[in-house]
Amino acid sequence: MKKTVILLTSLLLCALALTVIGQKKVLTPKEERREQREKRRADRIARFEHTIDSIVMARSFQFNPNSMQRQPAGPMRQIMNPEFSVGIWDGSADICIPYIKGYVPPYYVTIINYTVNNLEHYLTEQTAEGWMVSFQTSLYSGSDYTFTFEIYSRTGGATLTITNPWYSPVQYFGSISQVY
C-alpha cells in the first residue's frame with residue numbers, strides 16, 4: 001500500500017510539473033511589443049554582421065579612419081577629412097591616408113596617396129571577433145609597407161596598422177563599409 005501511495009504521488013507530481021512547464025506565459029501587450037523589438041534588433045545585428053563578413057570574404061571593402069596614433073605611444077590625432085580611406089577591391093587597393101614619418105622627433109605627417117594593383121601576401125583569417133586581413137605593398141618605394149586590418153564583425157569597427165622597416169608603426173581606428 002505504501003509503495004502504491006508513493007508511486008501515485010510521484011506520478012501526480014510529475015504530471016503537475018509537466019503541466020506547469022508546458023504552459024506558455026501569457027504576455028501583456030507591452031511585454032509582447034518589447035519582445036518583438038528585441039527580436040527585430042537581434043535580426044538587424046545578425047544581418048549587419050553577415051554583411052561585414054560577406055564584404056571581407058569578397059575582398060571588397062573600405063576602411064574609413066577617424067583617428068591615428070604613432071606607435072608605441074604617440075599622441076592620438078583625430079582624422080576629420082572624409083576623403084581619407086583605404087579601399088580594397090578586385091585585388092587592388094586605393095590608398096589615401098595620412099601617415100606619420102620620421103626616424104626621431106620631430107615627426108611629420110605626410111599623405112599616402114596611391115592606387116596599388118598588386119597586393120602581395122594577401123591573407124584573410126577569421127578570428128573570434130571578426131577578421132584579420134593583411135597585405136604588403138612597396139607603395140612604389142624601396143621598402144615594403146605591411147597593412148594589417150583587425151575587423152570586428154559585430155560592431156563594424158576596425159583597426160589598421162601600417163608597418164614599415166624604417167619608421168614606427170602607425171595605427172588607425174575607424175570603421176569598415178561596403179565599396180560603393
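Lys 39 counts as exposed because its relative accessibility is 52%, where exposed means over 50% relative accessible area, buried under 20% and partly exposed in between (1.4 Å probe, protein chains only). The structure is a predicted model, in which local features need pLDDT of at least 70 and side-chain atom pairs count only at pLDDT 80 or more, while totals for chains, interfaces and linings use all residues. Residues are numbered from 1 along each chain as its sequence is written, and side-chain values use heavy atoms, with hydrogens and water left out.

The chain is built from two helices and 10 strands (DSSP runs numbered from the N terminus: H or I of at least four residues for helices, E of at least two for strands). Along the sequence these elements follow the order α-α-β-β-β-β-β-β-β-β-β-β. Of the 180 residues in the chain, 33% are buried. The accessible surface amounts to about 11900 Å², with 58% of that area belonging to carbon and sulfur atoms (Shrake-Rupley method, 1.4 Å probe; for residues, only the protein chains shown count as cover). Among contacts (heavy atoms within 4.5 Å) between residues at least 6 apart in sequence, 43% join residues at least 24 apart.

The count of salt bridges comes to three, each being a side-chain nitrogen of Lys or Arg within 4 Å of a carboxyl oxygen of Asp or Glu.

| Salt bridge | N to O distance |
|---|---|
| Arg 34 and Glu 38 | 3.2 Å |
| Lys 39 and Asp 43 | 3.2 Å |
| Glu 49 and Arg 154 | 3.1 Å |

Glu 49 is partly exposed, with a relative accessibility of 22%, whereas Arg 154 is exposed, at 56%. The other pairs are local: Arg 34 and Glu 38 both lie in helix H2, four residues apart, which is about one turn of the helix, and Lys 39 and Asp 43 have that spacing of four residues within helix H2 as well. Arg 34 is partly exposed at 35%, as is Glu 38 at 36%. Asp 43, the partner of Lys 39, is partly exposed at 33%.

A positive surface patch is formed by Lys 30, Arg 33, Arg 37, Arg 40, Arg 41, Arg 44 and Arg 47. Patches take residues with over 30% relative accessible area and no salt bridge, joining like charges within 9 Å and nonpolar side chains (Val, Leu, Ile, Met, Phe, Trp, Tyr) within 5 Å.

A nonpolar surface patch of about 410 Å² is made by Tyr 103, Val 104 and Trp 166. Trp 166 sits in the loop between strand S9 (157–163) and strand S10 (170–178), and with 56% relative accessibility it is exposed. Lys 101 and Trp 166 are 65 residues apart in sequence, yet 9.0 Å separates their C-alpha atoms in space. Lys 101 itself lies in strand S4 (residues 92–101) and is partly exposed at 22%. Leaving aside residues up to four places away in sequence, Lys 101 touches Tyr 107, Tyr 108, Thr 110, Tyr 145 and Tyr 167.

Ser 85, found in strand S3 (residues 85–89), is buried, with a relative accessible area of 13%. With residues up to four places away in sequence again not counted, Ser 85 is in contact with Gln 62, Phe 63, Asn 64, Pro 65, Asp 94, Ile 95 and Cys 96.

Backbone geometry marks several loops. Most residues other than glycine have a negative phi, and most peptide bonds are trans. A cis peptide bond, with omega about 10 degrees, joins Gln 71 and Pro 72, and Pro 72 is placed in the loop between strand S1 (61–70) and strand S2 (76–78). The bond from Pro 105 to Pro 106 is cis too, with omega near 5 degrees, and Pro 106 falls in the loop between S4 and strand S5 (108–116). Arg 59, in the loop between H2 and S1, has a positive phi near 55 degrees and is partly exposed at 39%. Leu 139 has a positive phi of about 50 degrees although it is not a glycine; Leu 139 lies in the loop between strand S7 (130–137) and strand S8 (145–152) and is buried, with a relative accessible area of 3%.

Terms used:
Lys and Arg count as positive and Asp and Glu as negative; His and the chain ends are not counted. The place of a charge is taken as NZ of Lys, CZ of Arg, CG of Asp or CD of Glu.
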